[in-house]
Protein chains: 2
Amino acid sequence: MTGVVGSGKGGGADRRRITRALSAAEQAIGAVKGARSVAERLALAAKASELLSAVWQLPPAQRLMYHHGDRLVDVDPASTPGFDGGRGEAERFIDVSSGEIARFMGLLYANGVHGSQRRLLIVLQGMDASGKGGIVRHVFRQGDPMGIHYHGFGAPTKEELAHDFLWRVRRELPRPGWVAVFDRSHYEDIVMPHVYGTVPEKTWRARYDVVNEFERSLAADGCSIIKIFLTISRENQRRRFLDRLDDPTKLWKFDVSDLDARDRWDDYMAAWQEVFERTSTSFAPWFVVPADNRWYSRAVVSELLRTTFTTMNLTWPGLNCDPDEARRRLAAS
Amino acid sequence: MTGVVGSGKGGGADRRRITRALSAAEQAIGAVKGARSVAERLALAAKASELLSAVWQLPPAQRLMYHHGDRLVDVDPASTPGFDGGRGEAERFIDVSSGEIARFMGLLYANGVHGSQRRLLIVLQGMDASGKGGIVRHVFRQGDPMGIHYHGFGAPTKEELAHDFLWRVRRELPRPGWVAVFDRSHYEDIVMPHVYGTVPEKTWRARYDVVNEFERSLAADGCSIIKIFLTISRENQRRRFLDRLDDPTKLWKFDVSDLDARDRWDDYMAAWQEVFERTSTSFAPWFVVPADNRWYSRAVVSELLRTTFTTMNLTWPGLNCDPDEARRRLAAS
């Protein structure tokens, strides 16, 4: 994460470069199905991946990862660091990338069926109306319900409060081969008491270590973890809230208690700042993503997810029996 | 369910009629967003729904519902009853319908957030390679991971066997506002012992009543239930298995034990026949869907789902506070 602000209004040359990379990526992806060998398929997929990465001036994973000492207030929510295109290029990127993500999800799922422990957890945090829900829909645009588990964490129920704060989290973790998306998470159990003092300071402060240990053991067990904070401006939140109040199909998203949280904006920012400082680790890093422009934050999350998948080096599982024997039995039956 | 076989090769006039209905439906759906009032929006949605229904010569819900005395062996898996179009028309129907399903899912989810108990359970059954997995992907093509829960039931684990057979099923039921898709289900706990004798006959036979009571209470509690059996021919299964053996990206789906089940084909059909006879109820009916043509079975399931949603008469929840008060607070903060 750096203080440098990307313009998001790249010149015509930048946009043409992005468009060319996207077209070439689409072409490579389209050719994968017709590949005559495993080697050719892998080469085409690698080429597509390289072209999609080339859309970014700097990989979001590098540009937006939180490093100790970074300050949340220094991030301009309206900026679009690392991306030289506009809304149109971002939309097209999300489209192409979502197809690749769907392909990777199929691979991950297949490996899960064949005994692999690999899985992926995405933690989405951000103030109300920062776009957590919409991101899920767009990033997994071409997804398959088979292999993805979404869960929204609300205020804990009586039953949940009767257990340790990670109890309800453990129940929603991804199974082998699956991707889980947490809309809010165990981090609420640190931030909320920090802001409202509902739990003794000693108790919630101890949770930093508990969470780090929890995530470390998850990662060691084959679960990749991406933690994302969508940062919007107060002014942008006001506009989004007014939109909700004006749209009969969005009224249901609005709750008057959202305004209480808005009144404590600075307290929330301070609480999150401390969360990043204490829990951004090499095995479960935080990414602070400017989200006033929805198309930018969606493209970033799509790219973070896609590049995480590429580092998994997944291949299609083989057959657990003799194929000729299977063909013979099939011919006879 | 009737013995009459639809041709699936309707004449040019039939195809043109379907294409016209689909175009008009798309137009109505496209206009919904620009509607100036709730009444206009509802009218356009109703018109789109009517046009989509008109694609079918007879509603699948009527044509394919199992009635006592129907015989599974009388259903031609290659037939396409009620649909006069071909693959192209079916594909286009699934596209348009999946958008409507996504809209309904959003409505259902919003109502769940606001205290409604309404939810939907889809049970998918069928022999190996009958297309259970692919249907999920296609029917929810435009879906949102938020609000859909997919679960595949495999052979019970040791922990699952230590509980009653519905224990693992209850844990995967849809939450209020959600759609759950079961790829296999509690019915395996009747069919498998029936075919293989792994459990005393008295035990598995008693499960018919248990299952009916379970589903009756679910339905009474606001959970709509659609149970689908995809029926394919043995020859079609052979072709699908050979496809899997020839495609490195599909090998993972093949397990040599699938051939054992294939050897007991007639026993399975007899066991399923009894399941339909004993558990097709008004609150949780079975639909027997010819599935040799994937495009047909996908279109049918899409339409069953869409029409189930239309009977729910869902509307967008209103605001739980005074909108002007909320706007005032927003302006001041």
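**A bent helix and a matching pair**

Trainee: Where does α9(B) bend, and by about how much?

Mentor: Look at Y208(B), where α9(B) bends by about 25°. Keep in mind that this is a predicted model.

Trainee: How many residues does helix α9 of chain B have, and how far does it reach?

Mentor: Helix α9 of chain B runs over residues 201-220, so to speak 20 residues. From first C-alpha to last, the helix reaches 30 Å, close to the 28 Å expected at 1.5 Å a residue. G222(B) follows α9(B), and its phi is positive, near 105°.

Trainee: Which residues of α9(B) are buried?

Mentor: They are W204(B), R207(B), Y208(B), V211(B), N212(B), F214(B), E215(B) and L218(B). Notice that Y208(B), the site of the bend, is on that list. In chain B, these buried residues pack against β1 (119-126), α7 (167-170), α8 (188-196), β4 (223-231) and α12 (265-279).

Trainee: Over in chain A, why does E100(A) count as buried?

Mentor: Buried means under 20% relative accessible area. E100(A) has 3% relative accessibility, so it counts as buried. E100(A) sits in helix α4 (residues 87-113) of chain A. Setting aside neighbours within four places in sequence, E100(A) is in contact with I29(A), L52(A) and R306(A).

Trainee: What rotation superposes chain B on chain A?

Mentor: The general idea first: two copies of a chain are related by a rotation about an axis and a shift along it. Here, the rotation is 180° and the shift 0.0 Å, with an RMSD of 0.0 Å. That is the relation of a two-fold axis.

Trainee: Through what surface do the copies meet?

Mentor: Through the same surface, because 100% of chain B's interface residues are also interface residues in chain A.

Note on methods: Residues are numbered from 1 along each chain as its sequence is written. Chains are lettered from A and ligands numbered from 1 in the order in which they are written. This is a predicted model: local features need pLDDT of at least 70, side-chain atom pairs count only at pLDDT 80 or more; totals for chains, interfaces and linings use all residues. Side-chain values use heavy atoms; hydrogens and water are left out. Copies are superposed by least squares on the C-alpha atoms of residues with pLDDT of at least 70 in both. Contact means heavy atoms within 4.5 Å. Helices (H or I, at least four residues) and strands (E, at least two) are DSSP runs, numbered from the N terminus. The expected span of a helix is 1.5 Å times one less than its number of residues. The bend at a residue is the angle between axes fitted to the seven residues ending there and the seven starting there. Buried means under 20% relative accessible area, exposed over 50%, partly exposed in between (1.4 Å probe, protein chains only).
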